[in-house]
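Me: Hey, could you walk me through this one? I'm new to reading structures.

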Amino acid sequence: MELKTTRADIISTVEFNHTGELLATGDKGGRVVIFQREQESKNQVHRRGEYNVYSTFQSHEPEFDYLKSLEIEEKINKIRWLPQQNAAYFLLSTNDKTVKLWKVSERDKRPEGYNLKDEEGRLRDPATITTLRVPVLRPMDLMVEATPRRVFANAHTYHINSISVNSDYETYMSADDLRINLWNFEITNQSFNIVDIKPANMEELTEVITAAEFHPHHCNTFVYSSSKGTIRLCDMRASALCDRHTKFFEEPEDPSNRSFFSEIISSISDVKFSHSGRYIMTRDYLTVKVWDLNMENRPIETYQVHDYLRSKLCSLYENDCIFDKFECVWNGSDSVIMTGSYNNFFRMFDRNTKRDVTLEASRENSKPRAILKPRKVCVGGKRRKDEISVDSLDFSKKILHTAWHPSENIIAVAATNNLYIFQDKVN
Amino acid sequence: MECALDAQSLISISLRKIHSSRTQRGGIKLHKNLLVSYVLRNARQLYLSERYAELYRRQQQQQQQQQQQQQPPHHQHQHLAYAAPGMPASAADFGPLQLGGGGDAEAREPAARHQLHQLHQLHQLHLQQQLHQHQHPAPRGCAAAAAGAPAGGAGALSELPGCAALQPPHGAPHRGQPLEPLQPGPAPLPPPAPAALCPRDPRASAACSAPSAPPAAAPQAAAGASPPASPAPASSPGFYRGAYPAPSDFGVHCSSQTTVLDLDTHVVTTVENGYLHQDCCASAHCPCCGQGAPGPGLASAAGCKRKYYPGQEEDEDDEEDAGDLGAEPPGGAPFAPCKRARFEDFCPDSSPDASNISNLISIFGSGFSGLVSRQPDSSEQPPPLNGQLCAKQALASLGAWTRAIVAF
């Protein structure tokens, strides 16, 4: 496995584009860093497919809402790429309140020979101009520039947690704690509210929206998850306001596991459609579940991510770790799912072989071209060599955000402020 | 990585979290605060049931003593001493329930009974509410004072008397105290509501706020009491468990009715459909009132529409219920009254006064309110207390329940 690391502010989102050529990260400082994969070259086989920094730009700035006396964080909550339709790349990035559409384009020529300006851009005195010439384009060093093309603001009262591009490539949705809005890319001053779960009396609030995503193929279908551990699938053809779901996915609670923190650990932190569109995957605090869209009463697969934490919930509540929102991802063929854990561990579950592995993203344990060693957490009793006991896990090192290349075995793992990219080189 | 999993510390921690979230960058996070409110609710349930059980048990013992008083006086002393051993063990587990020995049994009794009555009312209403939401017929009987007190209280006595989910904590044997059916006896005690004991139905027994103790054989109620129901499902020790009928909406849909009791002011406040009305306990005139320890009390009239004390502004244009938070308890509270829970259609402001937190306990019964307080006018607020102090005071107000008893 090949390893590449880069330091940045705390990474808050990671996303490959649709071809896997580009990898975008957003951080707490409102910056977006885009990596591009090196083109294969025959004489440098070893360097094939390395990701290097392609563009960096400041997407969001901190804001202050004077009306409500609220500071708005610049942290990038999510990045979603649009499919490429021309030479430029487009992505959506969002903080708590505002979604922006960015155009990332290359410039490798520049015009020279202006009449009214000199080469440095200073205006020339018209009196000194004696001849006219036609400006020409000359090659220049490649420059990647990012420009904000649209700003979608003032549509969310609560904190935006998800954005999702529709398969029609004309619309997208943004979801906050209580509402989901549908946007057209071209129109920034209007959006349609398609889900609203705000109760008339806020005292009656019992759940919030935690994540939302469009179906990968059916542009009328989307799902959203709730803090109560439920998922609703909605069809926008049914009505303008999709408050009534088409399908409702919920697994009955196991009463023997009841505790003070049952509500917290059942809150879903991420929901993702499989690439096929037949399944959805949800992540709650201790498990990952795979649901078949045709079966609403329980998931078809449940994977324990770190069940050894179940007896530590009180401490995790005290140090706020219990509120961590882990994401989950599918691989390109939907055969393997991956999610993060603590101590810079991340887990992969093979749905076919039912095997799972725990790996660690750390500088010490990973060298370029070294093979990642599987890790193991020792739950009780004698600790074997190489095992880590639960009590020595570092809960400040958490892997919340991961991404998987759409077609190859390349994964990006964000460990606090480090980005690790692992590639599986078969040959 | 150990932490105390008792209700009080959880409440304290949760309040601290809510308080600090108001000063965090980016504004109040609705999701996190909602989750914290669930923990608060759960802890409060346990705390309530523990208190109730203890009060109930004391009631039992006092009645015992009453009966013993028919006998030659020297027996009385004996019984006081007899009662005492049962206390410290549970006192230790009950934290602020500092049950000293001594005090005149008779003087103690009416106040304690009175407290018990109020608590019973509160719990009754609370259980009824659950009932209403979950259509469980049985739990009502749980609150009924039908059966005898549970075992003599070694360890955490977090049981409801008569509740079939009773299990002597840690399987400790009875302390030898004979169990008696609670007699309706002296006035303030309500007649046992549908006298059925806590039921055989494990789901309903689960609704009886079953204890955190590991399962053990349920104590046998004395003559006259129905046999206990099936034990609560096995659980891992150290977890508070089993208090809820599945699913876990226990106490969450409090939109129909919730009741909060402030033992300091002896005010029972009922929240109904988000609108509050006050059911002032008749005991407002009770002689016991004066003897109650005036501590930093729970703000009683959370959002009461009626002005309970002069000098508080009331928002006329509230479309929701929130008037002002009430009420300074009679003894005078360190917390100035503050505006509460007026949720408008914007993201909750940060940093309302920290004293709001002390009211959260009472508010939480009525749903999600209390987390969405608007910033009160600076003029009416004292300097904000820091979160830690506030949590302690909030907790202290919880402890005020028992302080009143101890005073006697």
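This is a predicted model: local features need pLDDT of at least 70, side-chain atom pairs count only at pLDDT 80 or more; totals for chains, interfaces and linings use all residues.

Me: How many bridges pair strand 8 with strand 9 in chain A?
Reply: Four, and strand 9 covers residues 89-94. In one of those pairings, A:Arg80 has A:Leu92 in strand 9 as its bridge partner.

Me: What holds paired strands together, in general?
Reply: Backbone hydrogen bonds, whether the strands are parallel or antiparallel.

Me: New topic: what do strands 16 and 17 of chain A form?
Reply: A hairpin, with six residues between the two strands. Five bridges join them, and they run antiparallel. A:Ala212, for instance, has A:Tyr224 in strand 17 as its bridge partner.

Me: Is strand 16 buried or exposed?
Reply: Buried: six of its six residues (209-214) are, so strand 16 of chain A is largely enclosed by the rest of the structure.

Me: OK, over to chain B. How many residues does helix 1 have?
Reply: Helix 1 of chain B has 15, residues 7-21. From first C-alpha to last it reaches 21 Å, close to the 21 Å expected at 1.5 Å a residue.

Me: How many of those are buried?
Reply: Twelve of the 15, so helix 1 of chain B is largely enclosed too. Among them are B:Leu10, B:Ile11, B:Lys17 and B:His19.

Key
Residues are numbered from 1 along each chain as its sequence is written. Chains are lettered from A and ligands numbered from 1 in the order in which they are written. Side-chain values use heavy atoms; hydrogens and water are left out. The expected span of a helix is 1.5 Å times one less than its number of residues. Buried means under 20% relative accessible area, exposed over 50%, partly exposed in between (1.4 Å probe, protein chains only). Two strands pair if DSSP finds at least two bridges between them.
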